[in-house]
Amino acid sequence: MEFDYVIVGGGAAGCVLAARLSEDPRVQVALLESGAQDRSALFRCPAGIAAIARTRIGAHAFETVPQPGLLGRRGYQPRGHVLGGSTSINAMCYGRGQHADYDAWAALGNEGWSWADVKPYFLRSEHNHRIADEWHGRDGPLQVSDLQAPNPFSLRFVEAAQQAGFRRNDDFNGAAQEGVGLYQVLQRGGERCSAATAYLQPHRSRPNLRVFTRTRALQLVLEAGAARQVLARRGGEPLTVRARREVVLSAGAIESPALLMRSGIGPGPHLQALGIPLVHELPGVGANLHDHPDVVLVADAPGQAELVGLSATGAWRVLRGIVQWRRERTGLLTTNFAEAGGFIRSTPELAQPDIQLHFVVAKLLDHGRALRAGHGFSLHVCLLQPRSRGRLRLADADHDSAPLIDPQFLADPHDLRRLRAGVRCAQRILAQPALAAFGTEAAGSRTAAQDDAALEHWIRSHADTIYHPVGTCRMGSDAQAVVDAQLRVHGVAALRVVDASVMPRIVSGNTTAPTVMIAEKAADLMTRRA
């Protein structure tokens with residue numbers, strides 16, 4: 001069981017690396033994924049995310065530690081546990097963030113990560129089915145499409161946002177991000193395009209690529225200061241995989257730092273307190289955890305059966321949609337639910353958008369885990385650049401214990417003020433004729449009309465993640481950095497981290513496309529093409 005490269009984690013980054021590195025027939029590549037194969041129709045059908053949310057199929061259902069900024073509530077932290085990782089269970093929105101996000105990475109001392117540096121990797125990864133210009137790729141593996149059949153209420157949301165004074169934008173990933181419109185999605189022919197579908201599936205027959213599913217990495221073993229072995233468990237049996245060249249951690253912002261710490265690489269006092277032998281002191285492992293805080297306004301729309309809802313009419317529409325999707329890959333079940341949205345400035349003096357909106361064509365309660373009868377819609381209000389920083393730690397030395405996730409949501413007063421301003425913008429949109437004509441009233445609207453203190457309490461009572469944890473293996477050159485600009489772990493040879501955990505600062509948008517970009521660039525770094 002010896003390979004040139006051993007990649008831990010078959011999510012957005014791991015699938016990209018496995019495909020790109022195995023392009024060279026002279027090298028042997030192993031990909032270890034703790035979850036199962038992505039064979040269920042729930043992963044292929046876009047609307048399957050509704051069932052995934054309730055059943056937890058293909059997902060780790062992590063929770064945060066109690067959050068003081070959320071009035072002591074525990075946040076929900078679902079992460080993909082299937083081939084394709086979170087790209088197999090998410091809402092498929094394609095977004096890159098702002099150009100300034102990457103210039104900020106470079107300004108923090110990470111040479112080679114400015115917008116000009118990373119743009120070619122976004123283009124390389126993308127196959128856009130509508131847009132052909134200098135901002136988009138046409139030959140990449142990631143299939144980026146318009147929604148096949150947008151819900152009429154998604155179009156009404158865009159109209160309402162324009163009525164509220166926000167401009168329309170039909171390409172959030174072009175020259176300028178700001179504006180409202182319909183999202184492009186990671187779909188092709190009415191099916192989800194996960195990282196596994198895009199990058200891995202076409203190349204599974206390569207003789208130099210081996211994919212191990214249901215294989216959990218437990219510990220890294222160093223030899224003479226270099227990562228050489230991955231100790232794993234497959235089907236209850238121990239498995240040791242050796243790497244001749246490099247081990248790459250692509251297990252995500254939660255699992256990558258946890259695996260480092262379980263291997264004795266991380267903050268010494270924490271590891272020693274748990275009885276884990278310290279192999280290499282690296283205090284920044286697990287630090288700098290941050291995420292997009294988000295709060296959802298839910299509106300009732302009685303009798304509006306065009307919306308996805310719990311009713312006799314709604315059930316009949318879903319049944320017809322199942323038949324249509326199975327036969328034609330068209331219709332209702334091609335929805336990603338979060339069909340429309342945008343990037344807005346909550347106050348005019350800001351230079352860049354600070355809020356992202358996701359308009360959902362159903363009543364979204366408790367991350368989709370709770371159901372309420374009737375029809376309605378929801379509007380996410382997400383803070384793009386939070387200042388709050390938390391950390392990830394191990395609960396104990398047991399490989400099977402969930403880590404302690406502490407993003408410190410809303411710990412910085414700035415975050416609450418900006419999110420409050422974003423909610424007021426959202427309420428203004430929902431009050432416009434294009435939506436208000438349907439007699440809807442969003443939960444929290446009465447609170448939003450009250451004073452700032454009441455609204456802030458409502459936000460603390462309802463806010464949570466929008467599933468974008470980053471930063472726990474931060475890229476940089478200072479004492480708290482975990483990897484350098486080549487994504488090599490400081491002080492450990494033959495070991496890299498390639499996933500969202502290396503982001504020094506979160507991007508201003510969804511994180512799938514940026515994570516794929518990071519892996520595309522990492523493949524060039526590892527093969528010395530960059």
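Which residues is leucine 260 in contact with, leaving aside its neighbours within four places in sequence? In this predicted model, leucine 260 is in contact with Leu220, Leu249, Ile265, Val285, Cys473, Val482, Leu495 and Val497.

## The nonpolar cores

Leucine 260 belongs to the largest nonpolar core, which has 150 residues. Leu17, Trp113, Leu260 and Leu495 are the residues with the most contacts inside this core. Helix α15, spanning residues 512–526, gives the most to the core, with nine residues. Another core, of five residues, lies apart from it, and Phe43, Ala59, Val82 and Ile89 are among its members.

## Helices α1 and α15

Helix α1, residues 12–21, packs with α15 at an angle of about 35 degrees. The axes of α1 and α15 are 8 Å apart, and α1 passes α15 in a right-handed crossing.

On the α1 side, the residues that meet α15 are Ala12, Ala13, Val16, Leu17, Arg20 and Leu21. Their counterparts in α15 are Thr515, Val516, Ala519, Glu520, Ala522, Ala523 and Met526.

## Helices α4 and α5

Helix α4 covers residues 99–107, and its residues Asp101, Tyr102, Ala104 and Trp105 are buried. These residues are on the same side of α4, because they cover an arc of only 150 degrees around the axis. What covers the buried residues of α4 includes α5 (115–125) and α15. Just after α4, glycine 109 takes a positive phi of about 105 degrees.

In α5, the buried residues are Trp115, Val118, Lys119, Tyr121, Phe122 and Ser125. They pack against several elements: α4, β5, β6 (142–145), α7 (195–200) and α15.

Side chains of opposite charge can pair when their charged atoms come close. A search of the whole structure finds 28 salt bridges. In one of them, aspartate 4 is joined to arginine 245, and the closest N and O atoms are 3.7 Å apart. This pair links distant parts of the chain, since aspartate 4 is in strand β1 (residues 2–8) and arginine 245 is in strand β13 (residues 237–249), 241 residues apart. Aspartate 4 counts as buried, at 7% relative accessibility, whereas arginine 245 is partly exposed, with a relative accessible area of 41%.

A further salt bridge joins glutamate 126 and arginine 96, at 2.7 Å from N to O. Glutamate 126 is in strand β5 (residues 126–128), and arginine 96 is in the loop between β4 (76–80) and α4. The two residues are 30 residues apart, and the pair links distant parts of the chain. Both glutamate 126 and arginine 96 are buried. Salt bridges that share partners also join Glu2, Asp4, Glu223, Arg242, Arg244 and Arg245 into one network.

Arginine 26 and aspartate 24 form another salt bridge, in which the closest N and O atoms are 2.9 Å apart. Arginine 26 is exposed, with a relative accessible area of 71%, while aspartate 24 counts as partly exposed at 24% relative accessibility.

## Residues in loops

Phi of arginine 56 is near 65 degrees. Arginine 56 lies in the loop between α3 (49–55) and β3 (59–63), and it is partly exposed, with a relative accessible area of 45%. Phi of leucine 410 is near 60 degrees. Leucine 410 is found in the loop between β22 (404–406) and α11 (413–430), and it counts as buried at 3% relative accessibility.

Is serine 501 buried or exposed? Serine 501 is buried, with a relative accessible area of 0%. Serine 501 lies in the loop between β25 (495–497) and α15. Not counting residues up to four places away in sequence, serine 501 touches Gly252, Ala253, Ser256, Val470, Gly471, Thr472, Cys473 and Arg474. Cys473 is also one of the residues in contact with leucine 260.

How values were computed: Residues numbered from 1 in each chain as written. Predicted model: local features only at pLDDT ≥ 70, side-chain atom pairs only at ≥ 80, totals over all residues. Heavy atoms only, no water. Core = buried A, V, L, I, M, F, W, Y, C linked by side-chain atoms within 4.5 Å. Buried < 20%, exposed > 50% of the residue type's maximum accessible area, 1.4 Å probe, protein only. Helix = DSSP H or I, 4+ residues; strand = E, 2+ residues; numbered from the N terminus. Contact = heavy atoms within 4.5 Å. Arc of directions from axis to C-beta. Salt bridge = Lys/Arg side-chain N within 4 Å of Asp/Glu carboxyl O. Axes fitted to C-alpha atoms, helices over the stretch in contact; angles between N-to-C directions. Left-handed = near helix turned anticlockwise from the far one by under 90°.
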